[in-house]
Amino acid sequence: MKKMLISLALIAVVLAGCNNADTSKTDNSTSHNEGTAVEVKVDIQTPEKVEAGKDVDLIAHVTQGGKNVNDADEVKFEVWESGNRDHGQMMEGKLDKEGIYKATTKFAHDGVYYIYAHTTARGLHTMPKQKIVVGNPDMSKVKEDKDDGSMGMDDSSADDH
C-alpha cells in the first residue's frame with residue numbers, strides 16, 4: 001500500500017512538472033490552463049479617509065494578466081476596528097462592473113479600521129489589506145494592526161484557534 005501511494009505521488013509530481021514545462025513553451029497562445037500561473041491582483045479602491053455615519057463603498061478591482069476578472073469565486077471584505085479583529089465582520093462583495101466588486105458599510109464612530117479583501121479567483125487566493133481612518137480619531141488610543149494575513153500560528157491569536 002505504501003509503495004502504491006509513493007508511486008502515485010511520484011507520477012503526480014512528474015505530470016505537474018511536464019505541465020509547467022508545456023505552458024512555458026506556449027508563449028502567447030491560449031491553453032486550457034490559461035491564467036492559472038498568472039497572479040490574481042486585487043487593488044483596494046476604498047478611500048483611506050472617510051467620515052463616520054456615512055455609507056462607504058468597499059471596492060476591490062480584481063485583475064489577472066492585466067485583464068478584469070468578472071468570474072471570481074469569492075470576494076469578501078473583512079472589516080474591523082484597530083485592536084478588535086475578533087469583533088470584525090465579513091461582507092460579501094458583489095460584481096458591480098468590469099472587475100469591480102463592491103460591498104457597502106457604515107462606520108458608526110471615529111477610529112482606525114482595517115479591511116482585508118479576501119479574494120479567490122481562478123484557483124488562486126489573495127487578501128490585500130488596507131487601513132481606513134474614519135473621522136478624527138484619537139491616534140494615541142489606536143493600536144496598530146501588524147497582522148500581515150499569513151496563516152501561521154506563531155502570532156498571539158493562535159490560542160483562539
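**Salt bridges, a strand residue and confidence**

Glu-74 has a relative accessible area of 29% and is therefore partly exposed, since that class lies between the buried limit of under 20% and the exposed limit of over 50%.

The side chain of Glu-74 joins that of Lys-76 in a salt bridge, with an N to O distance of 3.5 Å. Lys-76, for its part, has a relative accessible area of 25%, which means that this residue too is classed as partly exposed. Side chains of opposite charge can pair when their charged atoms come close.

How many salt bridges does the model contain in total? The count comes to six, and the pair of Lys-76 and Glu-74 is one of them. Another joins Asp-96 to Lys-102, where the closest N and O atoms lie 3.5 Å apart. Asp-96 is partly exposed because its relative accessibility is 44%, and Lys-102, at 26%, is partly exposed as well. A further salt bridge is formed by the side chains of Glu-51 and Lys-54, again at 3.5 Å from N to O, and the relative accessible area of 47% at Lys-54 places this lysine in the partly exposed class.

From the charged pairs we can turn to a residue in a strand. Thr-126 belongs to strand β10, which covers residues 124-126, and its relative accessibility of 24% is why it counts as partly exposed. Which residues does Thr-126 touch once its neighbours within four places in sequence are set aside? The contacts are with Val-40, Val-42, Ala-117, His-118 and Thr-119. For Val-40, the separation can be stated both along the chain and in space: Thr-126 and Val-40 are 86 residues apart in sequence, while their C-alpha atoms are 7.3 Å apart.

It remains to consider the confidence of the prediction. The average pLDDT of the protein chain is 79, and 68% of the residues score at least 70. Over residues 20-33 the pLDDT stays under 50, and for this stretch the model has one contact beyond four places in sequence. Residues 151-161 likewise have a pLDDT below 50, and the model gives this stretch three contacts beyond near neighbours in sequence.

Key. Residues numbered from 1 in each chain as written. Predicted model: local features only at pLDDT ≥ 70, side-chain atom pairs only at ≥ 80, totals over all residues. Heavy atoms only, no water. Helix = DSSP H or I, 4+ residues; strand = E, 2+ residues; numbered from the N terminus. Buried < 20%, exposed > 50% of the residue type's maximum accessible area, 1.4 Å probe, protein only. Contact = heavy atoms within 4.5 Å. Salt bridge = Lys/Arg side-chain N within 4 Å of Asp/Glu carboxyl O. pLDDT = per-residue confidence, 0-100.
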